[in-house]
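Dear colleague,

Please find below the structure for your review. My notes on it follow directly after.

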Amino acid sequence: MEGFVFSLILLLVIGMLAYYRASLTLFTAAIALTLAAGTFAGPVGMVSWIIFLVLALPLNIAFVRQKLLTQPLLGLYRKIMPEMSSTEKEAIDAGTTWWEADLFRGNPDWQKLHNFPTPRLSPEEQAFLDGPVETLLDMVDDWEITHERADLSPEVYQYLKDHGFFAMIIKKQYGGLEFSAYAQSCVLQKLTSKSMVLSSIVGVPNSLGPGELLQHYGTDEQKNHYLPRLAKGVDVPCFALTSPEAGSDAGSIPDFGVVCKGQWQGKEVLGMRLTWNKRYITLAPIATVLGLAFKLQDPDKLLGDKEDLGITCALIPADTPGVKIGRRHFPLNVPFQNGPTQGSDVFVPLDFIIGGAKMAGQGWRMLVECLSVGRAITLPSNSTAGIKAAAMATGAYARIRRQFKIPVGKMEGVEEAMARIGGYAYMACASTTMSVGSIDLGEKPSVISAITKYHITERMRLAMIDAMDVHGGKGICMGPDNYLARGYQGAPVAITVEGANILTRNMIIYGQGAIRCHPYVLAELQAAYNEDNRAAVTAFDKALFGHIGFAISNFFRTFWLSLTGGAFSSAPYSDATAKYYKQMNRFSAALALMSDVAMGTLGGDLKRRERISARLGDILSMLYLTSSVLKRYQDEGRQPQDLPLVQWACEDNLARAQQALDELFDNFPNRLVGVVLKRVVFPWGRTLRRPADKVEHQVARIMQTPCEARSRLGHHLYLAAKDNNPIGMVEQALRDVLAAEPLFDKVCQAANKRLPFFRLNEVAELGLELKIISEQEAELLRKAEVSRLRTINVDDFDFNYLAADKALLESEQANTAKVNAA
Ligand SMILES: Cc1cc2nc3c(=O)[nH]c(=O)nc-3n(C[C@H](O)[C@H](O)[C@H](O)COP(=O)(O)OP(=O)(O)OC[C@H]3O[C@@H](n4cnc5c(N)ncnc54)[C@H](O)[C@@H]3O)c2cc1C
């Protein structure tokens, strides 16, 4: 009995030391003390001390440990470690890690999260949003852009160039605006709320492309030539990587250049002959300078002793002889400028390589580094605005549109769809803000940018589907008054570009995250690649034993946090949000444990087990998105009105994390490990639930009622009530209808009948007749009727208006008329 009690005490001591991540020395000392106490009390004898010394001495004496354990384990590790191509190595080396690394490591410090500064606009950036951005938005008409022109008007292009919209990332010394990432995000959000074509055209030159590449890697000569021209819009850039044979697998582009001598402007120079066939290139049809990625070969070794130099990026003026450019693709019905480009044996000097000849072969590293920043800004901002706009418009429409004598937004079934849109809107804005904020803190957050890109574009697609459902036929019939359908049609564009989403979820998020965020794996890999064996053993020893301690700690943390539901773990607030922090403590520990288990049992095979990797990435993503929601709530002053939105977003995310973890166990390749660990992580089964109906009802109500929480949901959108801004008109209609409702009730009461809530102009006349309302109040009812009708009505067109080939239609109609006449 004494022995059993002592074993329990010993286990408790080990568990506590592991839970609090004690060092090896502290661990050894604490166990020695416990054994000493046991010897004093009776149950611990000589055998226990011998076992302890056999284990503790080699572990604590570095020389013995390295000889007996590290050296053989390093040999074994070198045999089983994952193979990595040079493009994979460069992708892993690119960028930095930030808050996601804390989440990955099983023990997040919430104070650290809340201490990250809140992104803010400078007065200059705010003035740009209030000035040029609003003027621009007044100039554009989305129906004209998407249907009548399939392009922006020349005046809009000129305005964009004159006011530096293409130069938000370019430094002031070159004539650019040099805005923060947060300001870029706010500008793009505001543009998207009126026109996706506009925000796509503005987004691309400010994202991954010549401007960004030149600023980081260009020679002084290239910067001084191109950057002022790009800033003024004299040059319009595009960046061409994708080819018909290489989409997701962009590292395998067949486009090539051969280093050779040739004639350039009357002189013989060292240059390259380029051959390419690219497609899907945004802005290519109107570009004056083409950023081109190709594989450079040097068969005559004119640059050194390597024949295959690798992926290289160059800037090619579009008027260079042999460059074919100008034709257009038709990306859904969101016709921003996008098209193919080709060239065959086009000769250009070597100084066209971005950064000059010394950067030959460095193209892939340049691209992944820039992508780790750009991917967090443009697509997440545009998608966030899409969700926010859907939330505002759906809320207003659902309140105005009545069926069965009540607003459709009051029906429980509709509330469910609305809550998803509202919850996603709050979360998307939170995570985009936090992600761009990290860039302004100097990070190049490659894992976060992949998480944000994937999840926010996916949520945008889901929000669009829900918004269309709630709008019914109003969303389907297109025309100048339809503010929804283009967003719905265009959603797959954001899903596909900058890393198509299936690939991003299954390969990129966790593939980069596991190695980048893990505290020891990268160090182990680097040690294993080190050819100096002595240095390799020392580095491997440090990483490996750190790793073992980390894994033991994660096991005990997971066990305890799962058993208690995280109830005793730390949370920075004790209000309604405390439980979310506690659940995240639990999932963070489980993720750290399962990462090691997956890497340990699958090794290099984990790369090919995409669905395992995807689920681990989902858990990391849900932790990141949930922390961004809690940070937003804190940064905005913990407004009680916002709580239902916070609850919805946290509960939805945590339920998704739980599902990902559960599916991971059910599908874990080693069944024994899957079954045992499922018991450890879910001792009480799946305890988390998706948001309750009551919370969904509260979210739907916020979306339909003008209030501060609703205004925060629509922050940074363009909601001015102007004729060519249908979403602003619906906002106005909501205000008009809500102002009319009490008057309508007053008239019904006086007339002693329940009138239908339409023909409000007639209700106004009745009210005047009954002398129950003033002329001013009657005017409110008439105004509400106009707004109401505008909101529920849809566009219709002349018979021939929609035909693209009107001449064909007219000639056919003329023929039919002739036949009929004859
Ligand atoms: C409108 C538009 C604008 C674009 N703009 C540009 C631009 O300006 N410049 C430029 O260079 N490119 C541009 N692109 C190209 C874009 O980046 C590619 O479309 C994208 O990389 C996907 O390539 P793909 O379309 O050939 O799909 P594919 O590579 O054929 O992929 C098909 C599907 O397979 C999935 N998949 C592929 N590999 C894996 C894997 N290992 N694991 C799991 N799933 C996988 C993908 O996720 C996708 O769902 C643009 C594309 C579009 C449509």
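In which helix does Phe 744 lie? Phe 744 belongs to helix α31, which covers residues 726–751; helices (H or I, at least four residues) and strands (E, at least two) are DSSP runs, numbered from the N terminus. Please note that this is a predicted model, in which local features need pLDDT of at least 70 and side-chain atom pairs count only at pLDDT 80 or more, while totals for chains, interfaces and linings use all residues. Residues are numbered from 1 along each chain as its sequence is written, and side-chain values use heavy atoms, with hydrogens and water left out.

Phe 744 is buried, at a relative accessible area of 2% (buried means under 20% relative accessible area, with a 1.4 Å probe and protein chains only). Neighbours within four places in sequence aside, its contacts (heavy atoms within 4.5 Å) are Arg 754, Leu 755, Pro 756, Phe 757, Leu 760, Val 763 and Leu 781. Phe 758 is 14 residues from Phe 744 in sequence, and their C-alpha atoms are 9.9 Å apart.

Beyond four places in sequence, Met 594 touches Leu 616, Leu 661, Leu 664, Phe 665, Phe 668 and Leu 677.

Ala 527 is situated in helix α23 (residues 521–529) and is buried, with a relative accessible area of 3%. Residues up to four places away not counted, Ala 527 is in contact with Arg 78, Ala 536, Ala 539 and Phe 540. The C-alpha atom of Ala 527 is 7.3 Å from that of Val 537, ten residues apart along the chain.

As regards the chain overall, there are 34 helices and nine strands. Buried residues account for 55% of the 822 residues. Of the contacts with a separation of 6 or more, 75% join residues 24 or more positions apart. The C-alpha atoms occupy a box of roughly 110 × 90 × 55 Å along the principal axes.

With kind regards

Conventions: Buried < 20%, exposed > 50% of the residue type's maximum accessible area, 1.4 Å probe, protein only.
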